[in-house]
Amino acid sequence: PSTTIPLPTPSNHVIPAATQPCTFSLLKSFSTNIRMNLLATINQRLTKAASTSASSPVALSPAFLEAYSRLVIYMETDYGVAVKTLTGQVLPLVYQQQNLPVLYSLVEVMSYRLQRHVSVNHKVHLLSMLYQLSSIAHYQLQLSIETATLKFLSSLVTLEFPAQLLKLLN
């Protein structure tokens, strides 16, 4: 199988062939330490992709994002560290650089993966991050942020939320 696919352009550019994300069976075969190291490596790559300027943005591959999502929600991985890294390092850097392709991808990860699997206090933290991101004037990104926010808000209708809200207010 070919590792690249030619694009139909006069300059004969090529793109990498489709890749596959890490399967759950592969993740299951790794030790917790290896999964945490892989997550740290992916966070470094996200930070590197985030630090590219808006004039030359780097899009993240779907397989990369899927592998990241699977690692974050994997039961034996400390997703608190992953969420803190995402909200404390990666998202602020992406926001500062105005790297819209990476930002859009990360909001999609938050919307479709994280809202189901993270604890209430992390959901509240992610909601505050989404609120900060809502100032970006890009229509499609705004819709994605609104969708993610609504999903997080609807998932907060649990018995845990009032207790967590009281802790935050005190």
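Angles under 35 degrees count as roughly parallel, over 145 as roughly antiparallel, 65 to 115 as roughly perpendicular, and the rest as oblique. I am working with a predicted model, where local features need pLDDT of at least 70, side-chain atom pairs count only at pLDDT 80 or more, and totals for chains, interfaces and linings use all residues. Residues are numbered from 1 along each chain as its sequence is written, and side-chain values use heavy atoms, without hydrogens and water.

**Entry 1: helix 5 and helix 6**

I looked up helix 5 (residues 100–117) and helix 6 (residues 120–133), whose axes come within 12 Å and cross at roughly 150°. Helices here are DSSP runs (H or I, at least four residues), numbered from the N terminus. Axes are lines fitted to C-alpha atoms over the stretch in contact, and angles run from 0 to 180 degrees between N-to-C directions. Helix 5 and helix 6 are therefore roughly antiparallel. I listed the residues that meet (contact means heavy atoms within 4.5 Å): L103, V107, M110, L114 and Q115 in helix 5, with K123, L126, L130 and L133 in helix 6.

**Entry 2: S155**

I then looked up S155, which lies in helix 7 (residues 139–155). S155 counts as buried because its relative accessibility is 16%; buried means under 20% relative accessible area, exposed over 50%, partly exposed in between (1.4 Å probe, protein chains only). Leaving out residues up to four places away in sequence, S155 touches Q115 and K123. I noted that both Q115 in helix 5 and K123 in helix 6 are on the list from my first entry.

Methods: Helix = DSSP H or I, 4+ residues; strand = E, 2+ residues; numbered from the N terminus.
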